Every structure is written in structure tokens, then in C-alpha cells.
Amino acid sequence: TESHDFEAAMVGFSWGVDPDQQSMWATQSYGGGFNLGKYSNTQIDDILAKALGELDQEKRKALYIQMQNILADEVPSVILFFTQALAGVNKRVHNLFPNAVSIRWNAHTWWVD
């Protein structure tokens, strides 16, 4: 992966609870991230930087939607699948609301009887 001497690469990864995707799409992530295809788009770089510094959730969401729309048009990488899983949780755990991304997205708000 250091020489980028390949026609295709298959990698496995998972996103954290924060929607920041600089490690995959930022120009600066050639060396230390998942940007193995050397994707570079200054508009994406700008959106990612703005989104990371945005505290207003709705504005941040709009920036990530804008980023995803650009990526959908350019298709710099093909996502083959996203893992689906079942999880069991004891009924003593409260405030657990799984979503399509992760069962742990709001783990900091959980509490146990």
C-alpha cells in the first residue's frame, strides 16, 4: 500500500460514531489513512474541514450530505457491502437506541439498573 502499485485493493474498516471521514477521502490521507486510491478533491477536503469544526448538528449534517452527494457522483471507491449484525442486550440496560450505523453510537448515555 505504500507504493500504490496495484489496480484494485480490498480493505475492511468500520466507522466510529463520529461521521468524520477524513481518513478515507481527504487528500492528506494518502499515507496514513484508507485513501489507497489517492482520491483528491479540494471541495471534499474543504467540506470535511468545515464539518469537523462545525458545532451545529444540522449544519454539520448538511455538510456531510453535500460530501456524500459529491462522492456518489464521482465514485472514487466502490463499497461492496456493509456488515449487518444482531445484538442482544440485557433488559437492565437503558437508553440504548441502535441505529443503522452502530449499536454503540450513544453508549455514553447508557445506564444499567
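Gln 28 counts as exposed, at 65% relative accessibility (buried means under 20% relative accessible area, exposed over 50% and partly exposed in between, with a 1.4 Å probe and protein chains only). The model is predicted, with local features needing pLDDT of at least 70 and side-chain atom pairs counting only at pLDDT 80 or more, while totals for chains, interfaces and linings use all residues. Residues are numbered from 1 along each chain as its sequence is written, and side-chain values use heavy atoms, with hydrogens and water left out.

Gln 28 lies in the loop between α1 and α2 (helices, H or I of at least four residues, and strands, E of at least two, are DSSP runs numbered from the N terminus). Between Gln 28 and Tyr 39 there are 11 residues in sequence and 9.7 Å in space, C-alpha to C-alpha. Tyr 39 counts as buried, at 11% relative accessibility, and Trp 25 is also buried, with a relative accessible area of 8%.

The count of aromatic pairs comes to 1 (rings of Phe, Tyr and Trp, the last by its six-membered ring, pair if their centres lie within 6.5 Å; planes under 30 degrees apart count as stacked, over 60 as edge-to-face and the rest as tilted). Trp 25 and Tyr 39 form this edge-to-face pair, with 5.9 Å centre to centre and 85° between the planes. Because Trp 25 lies in helix α1 and Tyr 39 in the loop between α1 and α2, the pair ties together parts that are 14 residues apart in sequence.

The largest nonpolar core has 13 residues, and those with the most contacts inside it are Trp 25, Tyr 39, Ile 44, Leu 48, Met 67 and Leu 71 (such a core is a set of buried Ala, Val, Leu, Ile, Met, Phe, Trp, Tyr and Cys residues joined through side-chain atoms within 4.5 Å). Two or more residues of this core come from each of α1 (22-25), α2 (42-53) and α3 (57-74), and α3 gives the most, with 5 residues. Leaving aside neighbours within four places in sequence, Leu 71 is in contact with Trp 25, Tyr 39, Ile 44 and Pro 76 (contact means heavy atoms within 4.5 Å).

Positive phi values in residues other than glycine include that of Val 75, near 45°. Val 75 is found in the loop between α3 and β1 (93-94) and is partly exposed, with a relative accessible area of 49%. Phi of Asn 95 is also positive, near 70°. Asn 95 is found in the loop between β1 and β2 (111-112) and is partly exposed, with a relative accessible area of 32%.
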